[in-house]
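Good morning, and thank you for joining.

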Amino acid sequence: MIESNVKVNSAKAWLLAARPKTLTGAAVPVMIGISAAIAMYGSSVRVVPAVLCMLFALVMQIDANFVNDYFDFMKGTDDEQRLGPKRACAQGWITAAAMRRGLLYTTILACAIGLPLVYFGGWEMILIGFACVVFCFLYTISFSYIGLGDVLVLVFFGVVPVCMTYWLVAPPTPLMSIPWPVIVLSIACGLIIDTLLVVNNYRDIDNDRRAGKRTLIVRIGERGGLLLYLFLGMAGTMLAIAGIIYLNWHDGQFMQLLMTTYIPFHIRAFTEMRRIRKGAELNKVLGMTARNMFIFGVFVSAALLLAWL
């Protein structure tokens with residue numbers, strides 16, 4: 001989207017602040033959770049909680065973007081030396097007061113969407129929803145500054161959304177009955193989505209050092225960041241293959257072939273990341289990584305749905 005001539009607090013400004021390209025990271029875990037439930041239970045899955053889980057994930061992602069935009073602006077992290085995509089508050093597209101209201105409204109909307117899930121999953125859903133909201137704020141306010149952002153991504157973009165979506169969409173079963181292949185797939189999903197955070201922090205390593213933001217990449221250095229990016233994609237793929245083969249025991253070799261088609265995309269992005277090394281050109285790798293996440297989600301979901309067919 002063209003970012004010139006953005007009027008303050010306009011619809012265009014809010015759309016830019018919502019960062020539509022990041023919604024893939026929220027949709028993929030839910031998509032995998034739904035597909036895993038279909039692979040196990042076929043047409044017995046419940047449609048309403050599937051829709052609610054997807055809407056909740058998308059709104060929470062927008063909420064997280066608003067929180068990140070506002071608090072990084074207030075802390076001075078998003079300054080004129082920022083290499084990544086422009087931020088709404090820092091650019092003056094949205095005033096700080098308006099952003100406070102915006103993140104309040106999106107938080108309330110996410111809670112309103114998630115509340116009916118209590119009917120399908122019991123009162124435990126309130127605790128899980130509360131944790132999602134709290135850590136949405138803690139990520140930007142605290143955890144990302146002490147190198148724990150990657151842990152939150154693994155948990156809240158992997159384990160929680162995949163496993164909870166599976167459990168809510170599946171016919172009523174005890175919470176502790178989530179099968180291990182689904183848990184393995186949730187970890188794989190979290191690892192793949194964390195590649196986006198890794199390349200983002202790799203690009204911003206110098207800015208983060210100046211701002212006192214001790215991300216994992218700042219702690220392990222540029223070479224460590226490169227190796228971590230490569231490892232996450234490969235490990236996520238191998239774990240996904242293990243989960244898929246178990247759930248689709250009829251044709252494990254085909255599933256393995258389907259998933260390994262993701263690896264060349266990941267290697268290509270890693271090669272570009274290693275070649276570019278520094279600067280705003282790394283935003284190209286950010287785009288490639290977002291595309292790869294979507295490819296991963298589609299491949300895993302397709303493999304799981306084929307298990308049902």
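First, the conventions. This is a predicted model, in which local features need pLDDT of at least 70 and side-chain atom pairs count only at pLDDT 80 or more, while totals for chains, interfaces and linings use all residues. Residues are numbered from 1 along each chain as its sequence is written, and side-chain values use heavy atoms, with hydrogens and water left out.

Let me turn to the cavity. A cavity here is a set of points on a 1 Å grid over the protein atoms alone where a 1.4 Å probe fits but cannot get out, and lining residues have an atom within 4 Å of a point. Volume is the space filled by probe spheres set on the points, which are joined across faces, edges and corners. The count is 1 cavity of 30 Å³ or more, and the largest cavity holds about 40 Å³. Its lining includes Y139, D150, N201 and K213. Helices α8 (149-169) and α9 (180-203) each supply at least two lining residues; helices are DSSP runs of H or I, at least four residues, numbered from the N terminus.

Next, the aromatic rings. How many aromatic pairs does a search of the whole structure find? The search finds 8, where rings of Phe, Tyr and Trp (its six-membered ring) pair if their centres lie within 6.5 Å, with planes under 30 degrees apart stacked, over 60 edge-to-face and the rest tilted. One of them joins W14 and F66 edge-to-face, at 5.3 Å centre to centre and 65° between the planes. W14 lies in α1 and F66 in α3, so this pair ties together parts that are 52 residues apart in sequence. W14 is partly exposed at 24% relative accessible area, whereas F66 is buried at 5% (buried is under 20%, exposed over 50%, partly exposed in between, with a 1.4 Å probe and protein chains only). Y70 and F71 also pair edge-to-face, at 5.0 Å and 85°, and ring pairs link Y70, F71 and F137 into a cluster.

Definitions and conventions
1 Å grid on protein atoms, 1.4 Å probe; cavity = no way out; pocket = protein on both sides within 12 Å on 5 of 7 lines; lining within 4 Å.
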